[in-house]
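Work through the exercises below with the sequence and the 3D structure open beside you, and try each task before you read its solution.

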Amino acid sequence: MNESVLRNLLAALDTIYNVASTNEARQQAQEYCEGLKRDPAGPLYGYFLAHKDNQQPDVVRHFGLGLIENTVRYRWSEETLIPEIKAQIRANAMSLVAEGTLPILTEQSFIKEKIARLVVEVAKREWPGAWNDMDAFLRQLFFKDETGREMVLLILRSLCEDVCVYDDAVAGMRKKDLRAGLLVIMASERTLKGHYPDGLKGHNDEVTLMVGESGNDGWIARLAVLLEEILPRCQTESRDAADEKVAAAALKTLSSILGWVIVGMPSTGVSVREDSAGMSVGPECTPMLPAGAECCDMLASRNLADAEREKIIWPLMEGGVTMISRAYMTYATQLLQEEEYEFVKKIVQVRESRRNASVHRIKVVLRHQLFSVIANPRLGHCQSWRTATVRKEKHLCPEGSINLLFSMASHPSVLISSTVSVFWATLLRHETLSKDSTIHSFIPPLLKLYSKHLVKDFKIRYETDPVYRHFASYDFESVSELRGYTDKTFSRAVDVINLGVPIVPLDAFMWVGTKVAETLKTDLMQAYNELQSFDGTLTLMEVTISSLTKIITDNSHPQSSQVMDAINSLLGIFIEYNTKCLPAQERVIESLSSFTDMFKLNSTLLFRCLDKLFKTVEYPMSDMSEREVRQLRARAAITLVKIGRAIPNTLYPIYGEIDSAIQSLAQRNAITPGEKRTLQTFLIVIGFNSDISLDRKTILEKAVRPSLMDIQSPELQEAMSDPGKFMIFIGALELSEASYKSPQAQEVNTLKGVITERRARLSRSIESLHAFMKETIDVKDNQKLALWTPYIEVILPNLFSAIRCLSAISNEKLWSSLSPDMSRVLTLSAEEKEMMVTGKAPSITAGSTPSGTIARLIWDLKNWLSTLRDQSYRVLAQISLLGPVFYCIPSLQGILEQSLFEYVDCLTNRQLRLLINHAVQPIVLNCPVEYMDSVLLHVLIVLFPYLDQRLLKDWMLASDEGLVVDEKEDPDELDITDGIVKEMVLRDLTFHVAGFINAVLEPLKLTSENGSSAQGQNIAGTSTQKELAPMANFILSRDAIAQSVITLICHIIKFKDTKSSLRAADAALCALTTLVQSYPESKLVIGVFATMVLQAAMEALHDSYHQEGQDRLIRLITEVYVEVRGFDMAPKAVFQQALGADNQLLEAFELELSSATIKTKKHALVRNFLQGIIGVAKSEWFKQREQGDRPVSSRTITGKYERPTKNVLDSKEHEDIGDGLANMFDE
């Protein structure tokens, strides 16, 4: 070691850390230090700086450790690093661990952790094999003193996490040897012999030695003994700080081991009991609390065999659950601060796995502690739950465990309460456990508890309830995030109620019925919070009634008739309900449709129910509450449709009376045209859904004929013949002239009446056709489809004319001669902008524009055009369901191009998205195979390049102007500016274009020759029957379409919109499936596809914007490489051209890939090689590739090998190498 170099290094470090240093001096010092990292003697200087005896400052010691680690991580495979140097580095690392640190309470944590990491980095490359005595060294250090004991625990934990928990890239190269080595040193010699009698693990062609050192007890046993000794001392008032550190380190180490270690050893059970004890220590021992909870979760989450569960989990019955419950209850009733709340979440195992602004991913630690006591499933496998074996000699559901679950469900944290609801649902769904009396006793309290989650009042509670806000502030980064989670909680609450009510049907309904009856007696004042609570109560009733369907239809059920009578009584209260609060009345009207299952069995109150609904449809209008009355009347008509759809056979006998009642309302002008349309739909759903033979042709004719007469009128025909005439027809010129004046309200209302009546004839026709088609077109019933055939030749020409005019008048030039006020028709309003940015209803509604003004009429025109456009597209989509009747129309391809795309340049991005979603996508997807060439070929040849060029142009413009939207940012926090709105609209269009491509390329599932699904099989060459998706095959087998759609996919992958990029990546995977299935027919396309997609995906990987989507992009790259490489050289050529790919390494990789037969191993090989293509994101290009030798360990024996014995408990788990390296690019 050169003394002058050492002096210069110390001076450079002093310059770097001295706040008085100039930037220039600090930069020069930094360059000097970086240069020393490449010096062969760098590890020697690092060892000197890091050792405690040389008395350097902690920051200097940390830098010294970094010098050594840099050599290990990035230069280990270099030829200059001869075995002697590696041995010296290893010896220095051991010396630092053994004698290079200060005492346990003095040494800084970051120094200890850095030294531990250094040892682990060496171990991943040298052990087992070149470093055979590592375990002996660690054992010696463990028994030396408490300082050495903590260092050993840090090393073991870090090594286990890299090999068995995280997808470490270097560990992945030697995963089999490292896993085997860890299993051997963790288990005792006796345990190993029990699991591997012949001392071998693996298959005939490759086996691994599983023989432990003679007399070795294993680390699990040592940790168990340590915890038995130290935890009692940690629970005394005179506890030692060093004991607490060691105990916490031991528990954390166990948490990294228990998820994979051999569990059939007595010491494992001891460890579990000590883990539980670790959660019962006093609140002052904070570090041990979450570590103990983590240990229990890791072991209990394993899918253990019955015998293993008998040894390990059942001992928890002897006090373990009590300890956990006591630990939880110590904190659960408090308004916790962050550290204590984190512990409570750790008990309920709320693991924080944030991906920037995404909501926490949660698991409950007691899901298995409690359920392992109760049964033998793993939560993720529901079938196992249903067939779980139960410990018969004990009470099925220990009340203490269930009490703890209920206490957790009652926690004021929505995150905890919602999570626990999943496990209540699992209990209630279980065939055996749901019959237990203990569970039954908790159902009424559960109904009361989870009914609160049906009230959608999270915003009010957040603003008014300090406890609710306290925990929500910890768990969610924004109100928008909280809103999303409360929606999930709502669904979970519904699930619990649905499952709980049928178990004790009469008691449950009586409680719900009493609650609803009391709520209906409340005198509501239309306050928002009152209405939310009212809505939640009625939702509870609706969920409860729906869950009782099987009960009331089962005559053999002992409580069937009683439940039916109770429901009937409650319906009578609903029918008699009357209030001046119209929103409450509307909600009650809506609830009447939930009684339809009862009407099938008992129609006693059906007539009274229908009478109430018909009377509500003609509820008197009032100037003071016109909007609320219209909503109430519309709700009553819609509820009639729902009832008609649910019980058509029950209503058929009174079809004539219903028809007469509707005609009477229409003749008296008691209903609006829209209400009449809904009531006609009521008649249609009865006629078309009834099992009884009806004259459906006459029913449809009666409903449709008025609409056809309107749309065929000479006035409408003339108006839709030319865009200019259409502008006059919709009243644009009249509004423009009026906007120059200042008309009085009466004059405005007169103008409104004229224009509205004129426009209504067109919109009424289109909306009626859409409503009737939705209810009558059934692709599975040819007779129903045939009923529409006579009307198509009348509907289509007029529909196409309307769509063409609507597109044409989107041209700003047509409006340029009108008054400036009329430009509002083409631009987004403030309300629309707010809704597009935040994704929720605007704070200012349309009603804020004063009625009786020209501005309001312009607003109405804008909304009318938007609605008509949407309805027209949807009618066209419905017609496409008619199949050949539509697609056989002569020259349909030209008609579609003219009506849909002639003025497509005039459409805004928002309008283009609607065109793609609501018209183009259904037309493409519904096209029969025999008409694809004649109808779709030219359309798609033109469409995909157009979308590509338009998106490229708009994204280039957006990039030039500067992208301002961060996808991870809470929409509520965004400023609603024109720039942000424009960008949001572009992102929305891009996402839906990607969705359209994904939909048309979606493949069919592969089926094996024996009929079972072959999807996901790993063995290459599995015999499968090629069942191609007709649309995907059509698109990818026509070169002109295939080239354009692949180009579009690749461009979207590279756009700076991660959601769209990943959706396009999914579309690429769909295309890949079809291309592989159809090979060799796809021979000319598959190579081009692979080249373009790999280049696009790798470019996206280099873009830091797509950091959140890197896993999916890596998956795309690996899938394309593995699937296409067997057919074409294109993937290899792309890797060869990529930055950092070495030809020699590439050939070695190709050889290894070709010899692999398991698909997961192929994927792992591609992912491991992919990290050699330097750079992931621009911000990370400076990172070096970690290096590691791949020595053949003495544990691995390759070649043919015949096993001497059978009945060895081998596990094939994790036989692949490095599969799923989600974080392989991280340092």
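**Exercise 1: charges over rings**

Task: find what lies over the face of W864, and at what distance from the ring centre.

Solution: R759 lies over the face of W864, at 5.3 Å from the ring centre. A charge sits over a ring if NZ of Lys or CZ of Arg is within 6 Å of the ring centre and within 35 degrees of the ring normal. In the next case, the charged end of R1063 sits over the ring of F991, 4.1 Å from its centre.

The model is predicted, so local features need pLDDT of at least 70 and side-chain atom pairs count only at pLDDT 80 or more, whereas totals for chains, interfaces and linings use all residues. Residues are numbered from 1 along each chain as its sequence is written, and side-chain values use heavy atoms, with hydrogens and water left out.

**Exercise 2: an aromatic pair**

Task: describe how the rings of F142 and W219 are arranged.

Solution: The whole structure holds 17 aromatic pairs (rings of Phe, Tyr and Trp, the last by its six-membered ring, with centres within 6.5 Å; planes under 30 degrees apart are stacked, over 60 edge-to-face, the rest tilted). One of them joins F142 and W219 edge-to-face, with 5.2 Å centre to centre and 85° between the planes. This pair links distant parts of the chain, since F142 belongs to helix α7 (residues 134-142) and W219 to helix α12 (residues 219-234), 77 residues apart (helices are DSSP runs of H or I with at least four residues, numbered from the N terminus). F142 is buried at 3% relative accessible area, and W219 is buried at 0% (buried means under 20%, exposed over 50%, partly exposed in between, with a 1.4 Å probe and protein chains only).

Definitions and conventions
Helices (H or I, at least four residues) and strands (E, at least two) are DSSP runs, numbered from the N terminus.
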